[in-house]
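Subject: Structure handover

Hello,

Here is the structure I promised to pass on. Please have it open while you read. My notes follow below.

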Amino acid sequence: MISEEIEFTIKKDGTFEYTIRGVLGESCEDISKVFESLGSINSSKKTAEYYEKETDVTVHQKSSQ
């Protein structure tokens, strides 16, 4: 079974990077949209997993309201 995880790296200048692992295919883009809503994106890079067969992923985002 593939473990799904998101790794965050917060840099000294306040910017951050994240890597989504264990989510195959374009489903990772749904997860990325949550983080993109936090601010502007300077760059993005797809991992090899992006090009593999997709799995079912459900993303739930709680509203802070």
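Start with F8. F8 is partly exposed, because its relative accessibility is 44% (buried is under 20% relative accessible area, exposed over 50%, partly exposed in between, with a 1.4 Å probe and protein chains only). F8 and Y18 make an aromatic pair, with centres 6.4 Å apart and planes at 45°, which is tilted. To pair, rings of Phe, Tyr or Trp (its six-membered ring) need centres within 6.5 Å; planes under 30 degrees apart are stacked, over 60 edge-to-face, and the rest tilted. This pair joins distant parts of the chain: F8 sits in strand β1 and Y18 in strand β2, ten residues apart. Y18 is partly exposed too, at 22% relative accessibility.

Before you go on, note that this is a predicted model: local features need pLDDT of at least 70, side-chain atom pairs need 80 or more, and totals for chains, interfaces and linings use all residues. Residues are numbered from 1 along each chain as its sequence is written, and side-chain values use heavy atoms, without hydrogens or water.

The rings

How many aromatic pairs are there? The count is six. One of them is F8 with F16: it is tilted, at 6.1 Å between centres and 50° between planes. F16 is partly exposed, with a relative accessibility of 36%. Ring pairs tie F8, F16, Y18 and F35 into a cluster.

The chain as a whole

The fold elements are quick to list. Along the sequence the pattern reads β-β-α. Helices (H or I, at least four residues) and strands (E, at least two) are DSSP runs, numbered from the N terminus.

The protein chain has 65 residues, and 17% of them are buried. The chain exposes about 5800 Å², of which carbon and sulfur atoms supply 48%. That area comes from the Shrake-Rupley method with a 1.4 Å probe. Take the contacts with a separation of 6 or more: 47% of them join residues 24 or more positions apart. A contact means heavy atoms within 4.5 Å.

The largest pocket

The largest pocket holds about 920 Å³ of space. Its lining has 27 residues, and Y18, I41, S43, S44 and K45 are the closest to its centre. β1 (5-10), β2 (16-21) and α1 each give two or more residues to that lining. Which element gives the largest share? It is α1, with six residues. By type, the lining of the largest pocket splits into eleven polar, eight nonpolar and eight charged residues.

A pocket here is an open set of points on a 1 Å grid over the protein atoms alone, where a 1.4 Å probe fits, with protein on both sides within 12 Å along at least five of seven lines; lining residues have an atom within 4 Å of a point.

Helix α1

S32 lies in helix α1, which spans residues 27-36. Is S32 buried or exposed? S32 is buried, because its relative accessible area is 12%. Beyond four places in sequence, S32 is in contact with Y18 and I20. Y18 is the residue from the F8 pair in strand β2.

C28 also belongs to helix α1. C28 counts as buried at 15% relative accessibility. Setting aside neighbours within four places in sequence, C28 is in contact with I20, V23 and Y50.

After the helix

T47 falls in the segment after α1. T47 is partly exposed, because its relative accessible area is 35%. Not counting residues up to four places away in sequence, T47 touches T19 and I20. From T47 to C28, the C-alpha atoms are 10.0 Å apart, at 19 residues along the chain.

E52 is in the segment after α1 as well. E52 is partly exposed, with a relative accessible area of 41%. Which residues does E52 contact beyond four places in sequence? They are L24 and G25. E52 and G25 lie 27 residues apart in sequence, yet 5.3 Å apart from C-alpha to C-alpha.

Best wishes

Methods: Grid points are joined across faces, edges and corners, and a volume is the space filled by probe spheres set on the points. Ala, Val, Leu, Ile, Met, Phe, Trp, Tyr, Cys and Pro count as nonpolar, Asp, Glu, Lys and Arg as charged, and the others, Gly among them, as polar.
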